[in-house]
Structure formats: C-alpha cells, structure tokens
Amino acid sequence: MPAFRQVGEKQLPNPVLCMAWSPKRDLIALASTTGELLLHRLASFHRVWSLAPSEHIGKEITSLAWRPDGKILAFSLGDTKQVVLCSVEKAEILHVFHTQKPVSCMHWMEVTEECSALGSFYQSEDESKLFLPKLASLPKSYSTTSKLFSEEKSDEIMNLLGEVRLNILVLGGDAGQVELYAYGMYKIATLAGVSGSCRTLSLASDLKSLAVITEVKSAEDHAEICFVQLDTGLLSDCLPELTRMARKFTHISTLLQYLHLSLTCMCEAWEEILMQMDLRLTKFVQEKNTSTQVQDEFLELLLWGQSSPELQALLMNQLTVKGLKKLGQTIESSYSSIQKLVISHLQSGSEALLYHLSEVKGMSLWKKKFEPLGLDSAAIEGAITAVGSFSLKTSELLQVIDKSMKNFKAFFRWLYVAMLRMCDEHVPPELNKMTQKDIAFVADFLSEHFSKNEQLFDRKGKYFNVERVGQYLKDEDEDLVSPPSTKGNQWLKFLQDSAHLKESPLLFPSFPQKSLHFVKRMMENVIELCLQKPAQVIGKSVKQSAFLPLYSAPQRSENAPRLFELPSLWNDKKAKMHYVVFCMPHIFPHQLYLLRKASDPNSVFGRHIPNCVTSLDLSHHLDASDGESAEPRPRSVYGCLDARFYSDEMLTVVLQGTEDENSRSVLAQVSLSSTLKCEIEFNWTPNMRLDQQSSSIPCQGLVLGNQWRELEGMKAQFVAVNGIREVACVLSENLRHLRVFEMDTEDEDDEPQNDSAEQDTLDATMTSQGDESAEAGNDEAGKTEEHLELEETSEL
C-alpha cells in the first residue's frame, strides 16, 4: 500500500517558476513564466483565482512569500523592481513598494519571542481607537474606475496591519542587498556587505541572526555556494521598542496610502465637463472682433440686458440653455462630492497621521530606549510640520469650494434667466426676482474672475480659469493659476507684523501658491526621510558572524528555475537552530548533506556545535510495495533531486534512481533524528570549502521504512511542502505537471482516486467558476472565491 494519499493532479499550460503553500490553509500559490499568479485549493487542485500580469505591476515574478497568518501573499517582480502585497480573499493588490534592485528571494516570518513589556503593549495597542474616529470607506462609485483599487479598498488597506505580533518580510537580491520590512510594509533595516547574490534566506524566530545562502563568483567566474550568518542582536535586544516603533510607522505608511487613495477619488469626482466654461470663454476671446473685454460684455448684459452678437452667439449656440443647466448641476454635484471627501477622508486621515507621529515623537524623546533604533526627534518634528501644512491646504480647499459653489450658483442663476429672455422663453417667477444685492454679488464675481483671467490670457496664453477647484487637484509643480486672495485677512497681517510669530516653529507653513497634490508629495517625502533613518541605523548594527563556503556551484540548467534549486533553509524555533540541506552532485551525487548552526551566534553553544555537518547515504533498498512476503528489491542507488524541510523533525525529498535499470522517481519522508545522532564529529578546517574536505564528513544510512511512494508516470523534479497542513506538491521536470499529496494518510487502492464526497463539498462551496477549460480561456483575473474561511470550514 503506497504511503501518502494523492488528492489532485494537474497539467498547467505554462511552466511554473515558484510555488508556496499557505501556512494556515490548504491553498498553494503558483507563479508561471507568463507572470500569472494562481491560487489553487488542495481538494482536486481546484483553482480559486488567478491574477493576470500587467504593464503597470510587472510580468516577471521572481519569488513568493505568505504572511504568517495566511491572509496576505507577497510576490516580487524583477522587471519593475516592485514587491506587491495581494489579498488572498479577493485577489486584490493592496500595497506596492519599489526596491532599488530586483528581489531574488523572500522569507516572511513571525516573532515568537515573548516578554512582559510586549504583553502590555499587545493589550494597549488599540488605544488610538479611543481618540480617533474610524476612517470612512471610499465611495464605491469612484473606486471602481481605478485600475488598482476596488470598492472596498480602503477597508482592505486598513486591514494590512494584521495582528499586533511582529512579523517581518525579509528580501534578498542578486546584488547581495538584504532588506527587512516590519509587517511587510515598513522598512526597519537595510543590510549591505553580503557577498554574492542571495539565493535563499531565513530570519530566526528570536531575531538573533539571519541566515543567508549566497552564490559568490570568483575572478575566474567560478561560482561558490556559501552560508552566511548575520548577527541581528539589536533587533532581539530591543524587541519591545522595535515592535512599538514598527507598529506606529506601519500605521503611518497605511494612512499615507489611504490619503493617496482618497485624493485619487477626489480627482475622479472632478469631471472634465467643469472645464467647458473656461474653454468656451477662451475661444470667445480668440475669435471676437471687438476691442471690448469679456468683463465689459457680461457687465453690459447684467446692467442693460443687452449683449453683443458675439456674446449672444457664444451663449445661445455654444453654451445653450440646456448646456448651462447641466453644467450648473454638474458643478454642484462634483463640488459637493469633493467637499465630503475632503472632510471625511483627507482631514480625518491627516488628523490620524498627526496623532501617530506625535506618539513617535514621544518615543524619540525616550533616548535610552529608542535612540539605539535611530529615532530622530528633529526629523519627526519636520514630518509633523509637513502634515500640518497638508491639513491647512485641505482647509484652504474647503474654503475655495464653498466660495465657488456660492459664486457659481448666483452667476448661473442670473445667466440662465438672461438666456431665457434672449430666446423669448418664459422665466419662472422664482428666478425672475433679483435684488440689488444679487446684482452687486454677480458684478463682484465678474470683476474678480474675468478681469484677472483676461490679463492672464494675454500674459501666458492660457485659457480662462473661472473654475478654481481643479487647479488644486493637478499633480504639477507649477504655482496655482488663481491662488486665493489674502486681502483683508487680519490673521496673516498680524503674523507679518509680528517678528516673533513669523518664524515660530509652532505655526505650520501654508504654501498658498501650491496645489494640494504638491503639498501632499512634499509631506510624503518628508515622512519618507523620517522613516529611513531607523532602517539605516539598524542596518549598520548588523554584522557578519559566520561565512562558510560550502561547495563550488555546478553549471545551472537553463530550464531549472533558480528558486527551486538547493540549498534549502529552515529555522527550528524550539532548538533555536538554522538548518541547511544541500547536495554536491558533481562530487558525491548519492549523498544529501545537513548543516546545523545555532541561531544565536554569541552563545557558547553557538560557537561550537557537535556534528554541525552530517550526510545521508542515498543507497537504499525499498520494500515491495504490496507489503507481502515477496523478495525485497535489490539495493538501489538514488540521487536527490530536491529536499525541503517538512517540520523540525522531518525532511521531504524527491529521489531518482541513477542506474539504467532503476530510473524511477520517489517521494519520501526522512527523519532527522537518526541523522543528528551521529557519534562521529566533523571538524571543519578553516579556509577550505566543505566539498574539499567532504571525505571526513560523517555519513549515516538512509532509513525510510514505509514513508515513501513511487511517482509512477511522472518525471518528478521539485517539491513544496507544508508540515502544518501535512501536504506536499510535486512538480515535474518540464515544470507543468503537478501532483498533490496528503502526507499523513494512505491510499486505499494502488491507483490514486479523488474522494467523490470531497468533490461534492468543493462544488457546493466554491464560487461558480466553470470547468477548467473555460477558466483557461478566460483572460479576466477576477475569478475569486468570496469567503475562503467559510469554505475552509465547510470542506474540513
């Protein structure tokens, strides 16, 4: 009876570049060579959703990593040098950040270390909810038109924070750069000086060290695979302070994205139809033959009820009565929407930013605790000032909107009545009444908006700017065309006359000549500088504690994805050990090697570990699969194609016979306990590669028992495992053929069969997506599963 129960099999149209199991659910993420990201469920290997590549995001996926809670999937893109955080629930892009160089590997870990200071912080972390109102969700009618954002994007963004417990996304690149991101969003460390290009990495759960496998090229272009251990003791020593700081800065990063999204909605609410009045007036000035100004033309119509033929043609033929009415309604609707977004989103978001930055400033003043992490109170004060300027600009925009709505309402009401009289139509009685005060109001509007704009047109050749709100929403560095008038502002006059208050740090600068977009970008740049300082300080504290050259790298196959290649890293949280499993096929093709290194490089145990390197002899005779008293098969010699850590005590390997009469592929589980009990100790000779002293490495025989299964009809090559969910996925040599196994069960028959009851449950709970052929032909990327957690419960 074969071990491990096969539960799914799949032929994919495109080769797979990388695959990763969810740490919490029976879901596996696959990245193809076309840049498509796929999410499949264990049962029958049914596809949950797919995310198509795009020019904006990128098409060359280089690595995958799951957040420890299984709710966020991160993937890096080599062509655009970006890292994307994607929601597993709805296949939506939640956050994107750029890196200076392409990312080649990722690891997302959760800190398991506990201390009393963190316990109190976990309980009080949500205190901000007592002082700050809940941020409003974005209007659905606007967010649906955006390329990257969906209807519930604002809620999803705020959920990016996840759990309070610290988790860190570690990125490694081809140029040896390593970056650490708290909660997958805030960069807490930038590490330099790692030799070679990163192939895989693992951060210890106690934050004592970071293990990196690098590929170092010599002057003769010969590549060596090396194990590098970096001492990250500062992260461990300052864990409570690091968690508090990272949590606050992640709040700030999330709020910045929320403000960006809100401003995007405001730009969408401002419609191009609002420019019609400006464009028509510009054309009127260009084509009119008279020497009179536009202001005089409208004032003559206001006072005497008479207009020139040119103005009458403009009003009746181009603007029209219906067009004016529609324009008035559009302006009122658009301004009202923008006004609501400013009040409920921009102002509330900037208030939350000020709150969190003020708390960070308080941390920075506690120098004993937070100065080692690089918190700079002066830089944080600059960030607070920038946020204050942004708040002032939002208040200025509200005043402009309020004044514009009043002006346009009075102006359009008068002009509408005048146009009705021109075409001899009935004027409603409620519109026919116009007091002397109304006439004076319209005259002031004409004097303020039209005279200045004619001078502007003559000076710069630009169109009229009667509409004043749109200039605040343009992402340009130029000054506002029509800045608000400060004439008669007693507060500004008081500040100018006061030598002490003029330069006071307690007052936020207002930048009256700049747009809202410009002030927002300035605020983001200042906050970004504020966030960079801790990453630089923490990065400089990280030192290399070990550099072990393992073996010379064999020539890579062009078809083999680099992410699938050994070595493989693992961090044992209980034993506080880094494990490395690797092969040296060009020297000893029938042996599998295991390296151990303590995660704390400064401990006594970390300086010397008995049996730090052992090997497994892959020569083994497998028992007859039928379990009867038949003669055992002859002793066979195997080579290891791939090996992944299933758990702290178990290793999952893909073996292949190296003899002509035995070339079958085998999936097996190898216990590490017997391997680590080797009594012969290995003494590593300094300044020598491991493969140059491999003859003295202690070797153990391979013990499988019944923990193996032959992979019939499949030329297996790679494997991805999840010991928590007890599943494994085997990938063929052509990178298209997949088989999925449950590792702690056995097949009832020799031939793998799918459980029909399980299939019925899956069909009942999955969102209707059609059969697989229909999915393959559908190019849309939004085939999502609405309630993964509910389905997971139903399936179990």
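# Salt bridges, strands and cysteines in a predicted model

E742 forms a salt bridge with R5, and the closest N and O atoms of the two side chains are 2.8 Å apart. E742 belongs to strand 30 (residues 737-746) and R5 to strand 1 (residues 3-11), so this contact ties together parts that are 737 residues apart in sequence. Both E742 and R5 are buried. The structure discussed here is a predicted model, and the positions and distances below should be read as properties of that model.

A second salt bridge joins D376 to K533, with the closest N and O atoms 3.9 Å apart. D376 lies in the loop between helix 11 (367-370) and helix 12 (377-422), whereas K533 is in helix 17 (residues 516-541), so the pair ties together parts that are 157 residues apart in sequence. Because its relative accessibility is 27%, D376 counts as partly exposed. K533 also counts as partly exposed, at 33% relative accessibility.

The side chains of E710 and R664 meet in a further salt bridge, at 3.0 Å from N to O. This pair links distant parts of the chain: E710 is in strand 27 (residues 708-710), and R664 is in the loop between strand 24 (650-657) and strand 25 (665-671), 46 residues apart. On which side of the 20% limit for buried residues does R664 fall? R664 has a relative accessibility of 14% and therefore counts as buried. E710, in contrast, has a relative accessible area of 25% and is partly exposed.

Salt bridges can also be linked to one another, and E224, R689 and D691 form such a network. The count for the structure comes to 23 salt bridges.

An open sheet of four strands has the order 6-7-8-9, and its pairing is antiparallel. Strand 6 (61-66) and strand 9 (93-98) are the edge strands, each of which pairs on one side only. On average, neighbouring strands of this sheet are turned by 20° against each other, direction ignored. Within the sheet, strand 7 (residues 72-77) and strand 8 (residues 82-87) run antiparallel and are joined by six bridges. I72 has S87 in strand 8 as its bridge partner.

Strand 10 (residues 103-110) has six buried residues out of eight, so it is largely enclosed by the rest of the structure. Strand 10 runs antiparallel to strand 11 (residues 167-173), and seven bridges join the two. One of the pairings places V103 with G173 in strand 11.

A further antiparallel pair consists of strand 12 (residues 178-182) and strand 13 (residues 186-191), which are connected over five bridges. L180 stands opposite A189 in strand 13. The two strands form a hairpin with three residues between them, and in the turn Y183 has a positive phi of about 55°.

The cysteines may be considered next. A disulfide is a covalent bond between the sulfur atoms of two cysteines. How many disulfides does the structure hold? The structure holds zero disulfides. C198 is in no disulfide, and the nearest cysteine sulfur, that of C105, is 5.2 Å away. A disulfide would require the two sulfur atoms to be within 2.5 Å. C198 is buried, with a relative accessible area of 0%. C86 is likewise buried, with a relative accessible area of 1%.

L492 is found in helix 15 (residues 490-497). With a relative accessible area of 30%, L492 is partly exposed.

K340 and M266 are 74 residues apart in sequence, and their C-alpha atoms are 9.5 Å apart in space.

Definitions and conventions. Residues numbered from 1 in each chain as written. Predicted model: local features only at pLDDT ≥ 70, side-chain atom pairs only at ≥ 80, totals over all residues. Heavy atoms only, no water. Pairing = 2+ DSSP bridges. Axes fitted to C-alpha atoms, helices over the stretch in contact; angles between N-to-C directions. Buried < 20%, exposed > 50% of the residue type's maximum accessible area, 1.4 Å probe, protein only. Salt bridge = Lys/Arg side-chain N within 4 Å of Asp/Glu carboxyl O.
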